[in-house]
Amino acid sequence: MTSILPCAAWDSHLHVLDPLRFPFKANRAYTPPPALLESMVRHRYTDRLMLVQASIEDGHTGLIAHLTECQNRYPSILICYDQNFLQMTTEEFRRLHKAGVRCVRIHGIYGEDSKSGAHVLEQIRDLSASYGIQELGWTISAQLPLRTWASLKPFILDYETPNNVILIADHNGCTQPTDIDCAEFGDFLDMLGSGKLYVKIGALYRRNPDDFHQMKGIVQAL
């Protein structure tokens, strides 16, 4: 493996999809091609990798299986929030934690209800009271539109997040090159500057598919 990245760098957002073994949800928003574990290992650019359960996956069975197959190689994992998360038992949380899960993911891109600040706050409060976050120290990652992040500014800046939970903005806060001078991006930078919100840089091609290099100004600002 040849890499231009520093030896301690992390690729913080990867999906492993094996629909023949672990079928997707029937009501999914999109259907990607398979992305097998062997392919990820072969094409990686760093030895520090974080797997993320995609919103189209039907539960975390596939995640656990892939972790079991490479537990020593990939120690940090994200899982998606779903309606059954709050009904998980203590033993289920412990099983996921033992496998390497360290964060739960809120996916607020598809559906208008999921994009509302009030809906996101409800999820954050519910998740913050869960065993995984209260007792095991997991963090919360969220993929939300930039305008939704901006609407959360009073909550993040003026109030303490529940139980000092660490919040992470996924996918660059879903910012695009044209957002560089907008007020909502300024709000997002204010939250990052406060130290109460973190951001993951990645999936630049999704923010500007024609030329992801135009995301350079956004990345530098972040």
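Biologist: How much space lies in the largest pocket?

Modeller: This is a predicted model. Its largest pocket holds about 830 Å³ of space.

Biologist: Which residues lie nearest the centre of that pocket?

Modeller: They are Asp-11, His-13, Leu-14, Ala-203 and Tyr-205. The lining counts 29 residues. Of these, 13 are nonpolar, ten polar and six charged.

Biologist: Which element gives the most to the lining?

Modeller: Strand S1 does, with four residues. S1, H1, strand S4 (101-107) and helix H10 (204-207) each supply at least two.

Biologist: What unit do S1, helix H1 and S2 make?

Modeller: A right-handed β-α-β unit. H1 covers residues 37-43. S1 (residues 11-14) and S2 (residues 49-52) pair in the parallel sense, over two bridges. Take Leu-14: its bridge partner in S2 is Leu-51.

Biologist: Now the rings. What describes a pair of aromatic rings?

Modeller: Two things: the distance of the centres and the angle of the planes. A search of the whole structure finds three aromatic pairs. In one of them, the rings of Phe-93 and Tyr-131 have centres 6.0 Å apart and planes at 45°, so the pair is tilted.

Biologist: Which parts does the pair tie together?

Modeller: Phe-93 lies in helix H3 (residues 90-99) and Tyr-131 in helix H6 (residues 131-134), so the pair ties together parts 38 residues apart in sequence. Ring pairs also link Phe-93, Tyr-131 and Trp-138 into a cluster.

Biologist: Is Phe-93 buried or exposed?

Modeller: Buried means under 20% relative accessible area. Phe-93 has 3%, so Phe-93 counts as buried. Tyr-131 is partly exposed, because its relative accessible area is 23%.

Methods. Residues numbered from 1 in each chain as written. Predicted model: local features only at pLDDT ≥ 70, side-chain atom pairs only at ≥ 80, totals over all residues. Heavy atoms only, no water. Pairing = 2+ DSSP bridges. Right-handed = clockwise from strand over helix to strand, strands pointing away. 1 Å grid on protein atoms, 1.4 Å probe; cavity = no way out; pocket = protein on both sides within 12 Å on 5 of 7 lines; lining within 4 Å. Points joined across faces, edges and corners; volume = space filled by probe spheres on them. Nonpolar A, V, L, I, M, F, W, Y, C, P; charged D, E, K, R; others polar. Phe/Tyr/Trp six-rings, centres within 6.5 Å; stacked < 30°, edge-to-face > 60°. Buried < 20%, exposed > 50% of the residue type's maximum accessible area, 1.4 Å probe, protein only.
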